[in-house]
Amino acid sequence: MSVLLTRCKDDDANIFRAYAEGKFTYSDGKFLEDPIHLVSNKKVIAESYPKESGSFVLAGPYEKNSYKLQLKNFKIKSFSTETAGCKISADSLSIEIPDGVTYIIFNDITLK
């Protein structure tokens with residue numbers, strides 16, 4: 001029985017999490033009705049709704065690849081973070097986060 005428990009613990013040690021937190025600046029209150037996502041390999045790994053203040057926290061399983069913070073109906077005008085290599089996608093609906101970054105804080109994400 002102890003072999004099975006040890007094996008589970010080893011598997012758990014190999015699971016990494018992707019964390020993203022920050023704050024949105026928005027002018028349309030409808031923004032609060034849509035979820036925000038962390039997406040990796042075209043798969044949603046985390047979903048949450050921003051608080052009324054615009055703040056959010058997302059966490060999901062991380063695999064070795066880049067991932068993105070994605071919105072459904074609102075476009076991103078600009079953002080600030082101390083993490084290098086992030087960029088707004090061509091459609092302005094997401095912020096691409098580079099491979100290897102497992103924790104990121106967005107000081108502000110301003111919507112169009």
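Tutor: Start at one strand pair. In this predicted model, strand β6 (residues 76-81) and β9 pair in the antiparallel sense over five bridges.

Student: What makes β6 and β9 a pair?

Tutor: The bridges do. Two strands pair if DSSP finds at least two bridges between them. β6 and β9 have five bridges, so they count as a pair. Look at S78 for an example: it stands opposite T110 in β9.

Student: Which other strand pairs with β9 (residues 103-111), and in which sense?

Tutor: Strand β1 (residues 16-25) does, in the parallel sense, over six bridges. Find Y19 there. The bridge partner of Y19 in β9 is Y103.

Student: Now the rings. How many aromatic pairs are there?

Tutor: The count comes to seven aromatic pairs. F31 and F74 form one of them, with 5.6 Å centre to centre and 90° between the planes.

Student: Why is the pair of F31 and F74 called edge-to-face?

Tutor: Check two cut-offs. Centres must lie within 6.5 Å, and planes over 60 degrees apart count as edge-to-face. The values here are 5.6 Å and 90°, so both tests are passed. The pair also links distant parts of the chain. F31 is in the loop between β1 and β2 (36-40), and F74 is in the loop between β5 (67-70) and β6, 43 residues apart.

Student: How do you know whether F31 and F74 are buried or exposed?

Tutor: Buried means under 20% relative accessible area. F31 has 1%, so F31 is buried. F74 has 15%, so F74 is buried too.

Student: What makes F79 and F106 an edge-to-face pair?

Tutor: Their centres are 5.9 Å apart and their planes are at 80°, so the pair is edge-to-face. This pair links distant parts of the chain as well: F79 is in strand β6 and F106 in strand β9, 27 residues apart.

Student: How do F79 and F106 count, by accessibility?

Tutor: F106 has 1%, so F106 counts as buried. F79 has 23%, so F79 counts as partly exposed.

Student: Which residues form the aromatic cluster?

Tutor: F24, Y26, F31, F56 and F74 form one aromatic cluster.

Student: Why is E82 called exposed?

Tutor: Exposed means over 50%. E82 has 77%, so E82 is exposed. Its place is in the loop between β6 and β7 (87-88). Leaving aside neighbours within four places in sequence, E82 is in contact with I105 and N107.

Student: What makes the phi values of N41 and K42 worth a look?

Tutor: Most residues other than glycine have a negative phi. Phi of N41 is near 55°, a positive value. Phi of K42 is near 65°, also positive. N41 is in the loop between β2 and β3 (43-48), and K42 lies in that loop too. K42 has 85% relative accessible area, so K42 is exposed.

Notes. Residues are numbered from 1 along each chain as its sequence is written. This is a predicted model: local features need pLDDT of at least 70, side-chain atom pairs count only at pLDDT 80 or more; totals for chains, interfaces and linings use all residues. Side-chain values use heavy atoms; hydrogens and water are left out. Helices (H or I, at least four residues) and strands (E, at least two) are DSSP runs, numbered from the N terminus. Rings of Phe, Tyr and Trp (its six-membered ring) pair if their centres lie within 6.5 Å; planes under 30 degrees apart count as stacked, over 60 as edge-to-face and the rest as tilted. Buried means under 20% relative accessible area, exposed over 50%, partly exposed in between (1.4 Å probe, protein chains only). Contact means heavy atoms within 4.5 Å.
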